[in-house]
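Work through the exercises below with the model open beside you. Try each task before you read its solution.

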Amino acid sequence: MSGIALDTWTTPNPLDTLEEIVAANEWSFERSGDDEMAVEYPGHWCGYHMHFVWSEDLNAIHLSCFMDMRIPKKKLNDISQLLLKINNKLWLGTFVVPEEDSNPVFRHTVLLRGHQGASVEQLEDLVDIALSECERFYPAFQFVTWGGKTANEAVTASLLDTVGEA
């Protein structure tokens, strides 16, 4: 853009703060460098693998949260319909099913340019949103993949709020 001076100041690496959060929760994690971190979380429905990438150039942190399930190739068209329904219900992030892996992934990126770094609360929210959306919609993926349900039926069933405990 012309007429706008780009700020050369960079945001501190939020993975350093995220590492402290993950360690405090006693989750397994591994830093593969200054800009990447992998975290394992034992969810209610399955285990989740979170992969964080920090881009200093963009001043952005990207999260991919992988569900421990595979979608058979013959179900990918049905899952595509489910993705449309689910993603229309999300305020933040999106679900995708990459063809090469065929396992559902929740993805979200937070831009931090102009901030003094990501706050603990921002990073906790990033993780909480990803895990809660994965937990909320995991059954929908199962309903379509293995239960023979339509995308509409699966989303409706997964959004039912239960009260109490059986």
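The exercises go from the overall fold to one helix, then to the strands and the core.

This is a predicted model, in which local features need pLDDT of at least 70, side-chain atom pairs count only at pLDDT 80 or more, and totals for chains, interfaces and linings use all residues. Residues are numbered from 1 along each chain as its sequence is written, and side-chain values use heavy atoms, with hydrogens and water left out.

**Exercise 1. The fold**

Find how many helices and strands the protein has, and their order.

Solution. 
- Count the elements: there are four helices and six strands. Helices (H or I, at least four residues) and strands (E, at least two) are DSSP runs, numbered from the N terminus.
- Read along the sequence: the pattern is α-β-β-β-β-α-β-β-α-α.
- Check burial: 37% of the 166 residues count as buried. Buried means under 20% relative accessible area and exposed over 50%, with partly exposed in between (1.4 Å probe, protein chains only).
- Look at contacts (heavy atoms within 4.5 Å). Among those between residues at least 6 apart in sequence, 55% join residues at least 24 apart.

**Exercise 2. Helix α1**

Work out where the buried residues of α1 lie around its axis.

Solution. 
- List the buried residues of α1 (residues 14–24): P14, L15, L18, I21 and V22.
- Look down the axis. These buried residues fall within an arc of 110 degrees, so they line one face of the helix. The arc is that of the directions from the helix axis to the C-beta atoms.
- Recall the helix geometry: an α-helix has 3.6 residues a turn, so residues three or four places apart point the same way.
- Turn to the other side: E20 and A24 are exposed there.
- Find the cover. It includes β1 (28–33), β2 (36–42), β3 (47–55), β4 (60–67) and α3 (120–145).
- Inspect the ends. N13 caps the N-terminal end, with a side-chain oxygen 2.8 Å from the backbone nitrogen of L15. Just after α1, E26 takes a positive phi of about 60 degrees.

**Exercise 3. The core**

Find which residues touch the most other members of the largest nonpolar core.

Solution. 
- Define the set: a nonpolar core consists of buried Ala, Val, Leu, Ile, Met, Phe, Trp, Tyr and Cys residues joined through side-chain atoms within 4.5 Å.
- Name the residues. Of the 43 in this core, F52, L82, F95 and F141 touch the most other members.
- Ask which element gives the most: α3 does, with 11 residues.
- Follow F141. Leaving out residues up to four places away in sequence, its contacts include M67, L82, F95 and P104.

Terms used: Polar contact = N/O pair within 3.5 Å; in protein donor to acceptor, adjacent residues only side chain to side chain.
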